Amino acid sequence: MSDGTKEIKKMFTVQADRVLCTLARDGVYYVKKSYVQQKYQETAWIFREAYDFFTAHASEILSKPLEAESPVWLFGDPVWALPDPGTHRLQIEIPKEEVLLFDRRKWNRILNLSYVGTKEEEQEFDARMKKQGVMDASDVFAKPYYPQLKAEIKKSWRRLFDDFHEEKTDVKDIQGASWCLKKEWISAKK
């Protein structure tokens, strides 16, 4: 903006009580990989695969501090930030230069270890997998037999960062990530 003020983006996130304690004590919170393992336990390997991709490629776009091991997930629509017991939905007002925005639907495909492309490309890839006897994309990652398919899927994930236009995307499909959460960004808590 020309008047020197920072552009602010309103987003929502769900955070545990311990995160709020850290924010109260330190003013800033960074995600550690051990939290991901602890939260997801036996399915953590799936999240590690997706989060490692995200962390590596997002840090090329948005500079990552050394303290950040994984991103803080943010949503444009509060409907996706549903608190569980012991967690809280936070409305934050984050400087736009501190958040990386992307399409939630593409990210969900990555979380499912699926190919990301146009609808036609995704259908074609799924058909090729089935022809090779692979019924679920997670098998490509869980078993050592499909290195070529795995490489194609991982290459397709870079599309998460391509062609995202916030003004052309329904707010319900806007997701974001930040390398930290700062106390001063919180504008409401539920």
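Two strands are said to pair if DSSP finds at least two bridges between them. Helices (H or I, at least four residues) and strands (E, at least two) are themselves DSSP runs, numbered from the N terminus. With that in hand, let's look at the sheet. Strand β4 and strand β8 (residues 186-189) pair in the antiparallel sense over 3 bridges, and here Gln91 stands opposite Ala188 in β8. Strand β4 (residues 87-95) is also joined to strand β1 (residues 8-16), again antiparallel, by 9 bridges. Find Thr13 and you can look across to Leu90, its bridge partner in β4.

A word on what you are viewing: this is a predicted model, where local features need pLDDT of at least 70, side-chain atom pairs count only at pLDDT 80 or more, and totals for chains, interfaces and linings use all residues. Residues are numbered from 1 along each chain as its sequence is written, and side-chain values use heavy atoms, with hydrogens and water left out.

Now for the helices. Two packed helices are described by the angle between their axes and the distance between the axes. Axes are lines fitted to C-alpha atoms, for helices over the stretch in contact, and angles run from 0 to 180 degrees between N-to-C directions. The axes of α2 (residues 33-40) and α3 (residues 44-58) come within 9 Å and cross at roughly 145°. In contact (heavy atoms within 4.5 Å), Lys33, Val36, Gln37 and Tyr40 of α2 meet Ala44, Phe47, Arg48, Tyr51 and Asp52 of α3.

Finally, the axes of α5 (residues 119-131) and α7 (residues 147-156) come within 12 Å, crossing at roughly 165°. Here Phe125, Arg128 and Met129 in α5 meet Leu149, Glu152 and Ile153 in α7.
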